Amino acid sequence: MSEFTNQLKAKADIGRLIGEFVALKPGGSGFLGLCPFHGEKSPSFHVHSARQFYYCFGCHAHGDIFQFYMQIRKLSFPEAVEQVAERLGVPVPRQGAGEGDPQRQEQLRIHAAAQSYFERRLAAAEGASARAYLAEREMASAAERFHLGYAPEAGRGLTLHLQAEGYAPELALRAGLCQLRRESGGERPPEAADWTNLYDRFRHRLIFPIADDRGRVIAFGGRALAHDPSGKTPKYLNSPESPLYSKGRVLYNLDRAREAIRQLGYVILVEGYFDCIRVFLAGFENVVASCGTALTAAQIAQVGRLSKKAVINFDPDTAGAAAAERSIGLLLEEGFQMRVVVLEGGLDPDLFVRRQGAAAYGEALKGSRSFFDYLAERARKQFDVRRGEGKVAALNHLLPYLSRVHDPILRQNLAENLAVQLGVETGLLSQELARAARERRAQLPTQTTAATPEMLYAERVILRALAEWAGRRASLGELLEQEELLQGLPSEGLARGLQAAGGGEAGWEEMTAGWAAADRHWLAQALLAPQGEADLTEAELAGALAALRERRAGRTARELQTRIQQAAASGDRAALEALVRQKAALDARRREGAGERSQGAHA
Ligand SMILES: [Zn+2]
């Protein structure tokens, strides 16, 4: 840990930062919410404000604010540090842990340069045809806000611009902004690129910058402005996979939609750039687009961190409907709840909003249907469900979706609903469903959750005292060792680890780094459980020590009893007498102790 990351951590309010991703309520010694790392209905995700860590009692996810960023945004440690710093408005020092990968930085710079080049071209004389196209689609007003651009027809404009700006040709090639002339041999490695054998990838296209979730441009999508009757020129062309961009991981507009998705509690999924921009500008800012690629699990996971509710509004054509069905399957896998919008008149979202207006689109969203009704209706159209084999075919088509529904009650309701819709016996359907679920489960990796026995209340108090009362740590530790008060309890090793780590004042992450998962779990329990709300008192510590002493005495008494029985059985009178005396003394001490405790309780 560098000094910088420590300073950053001290400055960060973990509850507030995590609250930007997870809805948190005050609880325990900090906050409580639904875990963003596993699906759950009742909250087991805790944030400890003072100690600046989080812990999930469901999936055992844990860490400090950097770990949280790494987990939720799939970042490396330096990237997480950089993002936390940026969020807090702290400049990241040039050298040190916060510095990002230099190749990445170069890539971001060249993309930013290309974006401003495309934007300037759209505004210039040569951008006239692109501007006319935008005007025709009633999108002229969107250009500035969405940083739309134009890639000129000439074919070397961007290449010459990047050369003049001093970028390396190899970098432009790797970014996918330029490509090698075919006659110069496309097989040559990027290192062999020089400006003379490069030309622009995007030519005579309207350009949509594609940003990462922080709004930094990492790729471009280009729509052809001339119709190519030969069909050789694709209508849409995207940047190739690059060190920055992997198209299966990026959703268009997620950077702008993020806040609205969180606030409204759902995301609208559309297919195209124009659909996305139109819906956004109509005031529904929680919209993202998959843009040409079929929706992927990685894309869904990104949205799922913000909300697990989706409204699918794909094109009504066959390809769109097929894409919607695929997406429903994926969304179910990720535990999403979803509805489907089918717009009146078979319109795509862009045209619908243009013709009917924002209010009508809002109504259409309200009138969205359950995904299962949508699927069932499609199945009824595809298969002849009046006939036996048609019913079976429709059933087979729908069962995989049904078996992906996580919630058993919802699944049962849907099955009954489907049985009615298809005119099949419910019993038969349930059987088929159970089979589909079994087969499905067999494919899934089995999740093992470590068995975690409950800790005694007294142990929690002791652990808290060790963690929070630095001045008493050494003497308390000595007492515990001498009297063997934690012997055989889950917290035995943990209490030693806590002392060795100086009570964890350095921080949760460093302290628990090498620990067993169970130990981490117990410590989290001690620090986060509801009793952690109030400050620990002397009386509580005394009570905990008394309870542990009583437990220890009870164990000794049982051991003595066993040995007494053994001595009696073997006829060893001397040993028997000694043991009985010991037991009597112990019993007397325990009675005394109980008396003291009850007196204490009355005082
Ligand atoms: Zn969890």
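Mentor: We take helix α20, then strand β15. This is a predicted model: local features need pLDDT of at least 70, side-chain atom pairs count only at pLDDT 80 or more, and totals for chains, interfaces and linings use all residues. Residues are numbered from 1 along each chain as its sequence is written, and side-chain values use heavy atoms, with hydrogens and water left out.

Trainee: Which residues are buried in α20 (473-482)?

Mentor: R473, L476, G477 and L480. Buried means under 20% relative accessible area, exposed over 50%, partly exposed in between (1.4 Å probe, protein chains only). Helices are DSSP runs of H or I, at least four residues; strands are E runs of at least two, and both are numbered from the N terminus.

Trainee: Why are they on the same side of α20?

Mentor: Because they cover an arc of only 100 degrees around the axis. That arc is taken from the directions from the helix axis to the C-beta atoms.

Trainee: And which are exposed on the other side?

Mentor: A474, E478 and Q482.

Trainee: What do the buried ones pack against?

Mentor: α19 (457-468), α21 (492-500) and α24 (538-570). Contact here means heavy atoms within 4.5 Å.

Trainee: New topic. Which residues of β15 (337-340) are covered?

Mentor: M338 and V340. Q337 and R339 form the uncovered face.

Trainee: In which sense does β15 pair with β14, parallel or antiparallel?

Mentor: Parallel, over 4 bridges. Strands pair if DSSP finds at least two bridges between them. I312 stands opposite V340.

Trainee: And with β16 (369-370), parallel or antiparallel?

Mentor: Antiparallel, over 2 bridges. There, R339 has S370 as its bridge partner.
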